[in-house]
Amino acid sequence: MKKIILLCNSGMSTSLMVQKMKDAAAAEGLECAIAAYSTDKAAEVASDADCILLGPQIQFQADEVRAACPGVPVAVIDMVAYGTMDGNAALAQAKSLMGEN
């Protein structure tokens with residue numbers, strides 16, 4: 001099972017995206033755990049993740065998250081996908097980060 005972590009300022013704005021991504025994963029039959037947290041919990045909750053996606057509003061913290069979670073691929077969720085809450089696109093981005101496409 002893959003572990004996908006979404007990070008944002010408080011973990012709230014990514015909650016809807018988590019659900020959209022879970023729906024997309026279920027439709028594909030992909031077994032994964034997807035959860036959202038605030039960036040201050042990155043080292044605690046994401047150091048063993050298969051990938052980390054950041055909300056576009058915190059893209060400036062990407063290097064900080066990479067430092068807190070060495071070896072875990074980190075990317076910023078595509079702004080259009082985030083703005084439209086496109087769970088399929090965000091899941092595809094996560095799969096690409098994990099080398100699953």
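Visitor: With which residues is Thr39 in contact, leaving aside its neighbours within four places in sequence?

Guide: The model is a predicted one. Thr39 lies in the loop that runs between β2 (32-38) and α2 (42-46), and its relative accessibility of 13% makes it buried. Leaving aside neighbours within four places in sequence, its contacts are Leu7, Cys8, Asn9, Ile58 and Gln61.

Visitor: How far apart are the end C-alpha atoms of helix α1?

Guide: Helix α1 comprises the 14 residues 15-28. At 1.5 Å a residue it should span 20 Å, and the model agrees, because its end C-alpha atoms are separated by 20 Å.

Visitor: Over what arc around the axis do the buried residues of α1 lie?

Guide: The buried residues of α1 are Met17, Val18, Met21, Ala24 and Ala25. They are on the same side of α1, because they cover an arc of only 125°.

Visitor: Which exposed residues does the face of α1 turned away from its buried side carry?

Guide: The cover over the buried residues of α1 includes β1 (2-8), β2, β3 (51-54), α4 (79-83) and α5 (87-97). The face turned away from that buried side carries the exposed residues Ala26 and Ala27.

Visitor: How many disulfides does the structure hold?

Guide: The cysteine sulfur closest to that of Cys51 belongs to Cys32, and at 9.0 Å it is too far for a bond. Cys51 is buried at 0% relative accessibility, and Cys32 is buried at 17%. The number of disulfides in the structure is 0.

Notes
Residues are numbered from 1 along each chain as its sequence is written. This is a predicted model: local features need pLDDT of at least 70, side-chain atom pairs count only at pLDDT 80 or more; totals for chains, interfaces and linings use all residues. Side-chain values use heavy atoms; hydrogens and water are left out. Helices (H or I, at least four residues) and strands (E, at least two) are DSSP runs, numbered from the N terminus. Buried means under 20% relative accessible area, exposed over 50%, partly exposed in between (1.4 Å probe, protein chains only). Contact means heavy atoms within 4.5 Å. The expected span of a helix is 1.5 Å times one less than its number of residues. The arc is that of the directions from the helix axis to the C-beta atoms. A disulfide is a pair of cysteine sulfur atoms within 2.5 Å.
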